[in-house]
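Open the structure in your viewer and keep the selection tool at hand.

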Amino acid sequence: MKIAVIYASTTGNTEAMANAVSDAAKASGAEVIFGTADKADKAAVLSCDILLLGSPAMGDEVLEDTMEEFFASIEKSIGSKKVAVFGSYDWGDGQWLRDWADRIKAAGAVLAAEPFMVNLTPADSDLEKCKEWTATAIK
Ligand SMILES: Cc1cc2nc3c(=O)[nH]c(=O)nc-3n(C[C@H](O)[C@H](O)[C@H](O)COP(=O)(O)O)c2cc1C
């Protein structure tokens, strides 16, 4: 199984989540492609069976710019994949992740797990939850 863990992060919060997600994906024995959205290799990501994508809430409940650009570039090509999304936020209620999940379903992909969000900097307990969430998403 090949899993892509691709994220964007402006102050390291979603990055910390992405590291925990990647660790859990690797622990499952899967081959993992890991990196940031601004440098992601589209073809390599689309060679994966499962995409775990992370972005903080930015703007007014939208994806961070580099993730928006990357996701838009693969959006029409993810119909055969399992996809799940995660990210850090501050004052919102998760609208950016719900909208992202809707785009994934509209693209014909399977939403592999409910969107997973952490308020600001993940605590150790949040990072454990990231790992549990990953195990569910890649089952
Ligand atoms: C320009 C800007 C826009 C933001 N917009 C939102 C928002 O719409 N909703 C929200 O809950 N948090 C918002 N935040 C807070 C970030 O999502 C939060 O600080 C998050 O932890 C950043 O994660 P990161 O370190 O992975 O970038 C915003 C922060 C900035 C700097």
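A polar contact is a pair of N or O atoms within 3.5 Å. The model on screen is predicted, and the distances in this tour are computed from it.

Start with Thr10: one of its polar side-chain atoms lies 2.6 Å from an oxygen atom of the ligand. Next select Thr11, where a polar side-chain atom is 2.4 Å from a ligand oxygen. Then go to Gly92; here a polar backbone atom is 2.7 Å from an oxygen atom of the ligand. On its own the ligand has 640 Å² of accessible area, and the protein covers 80% of that.

Now select everything around the ligand. The shell has 18 residues, and the closest are Ser9, Thr10, Thr11, Ala57 and Ser88. Colour the shell by residue type: 6 are nonpolar, 9 polar and 3 charged. Which elements each supply at least two residues of this shell? They are α1 (13–27), β4 (57–58) and β6 (82–89). If you display pockets, the largest pocket is the space taken by the ligand.

Phe116 belongs to strand β8 (residues 116–119) and Trp133 to helix α5 (residues 124–137), so the pair ties together parts 17 residues apart in sequence.

Conventions: Residues numbered from 1 in each chain as written. Predicted model: local features only at pLDDT ≥ 70, side-chain atom pairs only at ≥ 80, totals over all residues. Heavy atoms only, no water. Near = heavy atom within 4 Å. Polar contact = N/O pair within 3.5 Å; in protein donor to acceptor, adjacent residues only side chain to side chain. Areas by Shrake-Rupley, 256 points an atom, 1.4 Å probe, with all protein chains shown as cover. 1 Å grid on protein atoms, 1.4 Å probe; cavity = no way out; pocket = protein on both sides within 12 Å on 5 of 7 lines; lining within 4 Å. Sits in = over half its atoms within 2 Å of the grid points. Helix = DSSP H or I, 4+ residues; strand = E, 2+ residues; numbered from the N terminus. Nonpolar A, V, L, I, M, F, W, Y, C, P; charged D, E, K, R; others polar.
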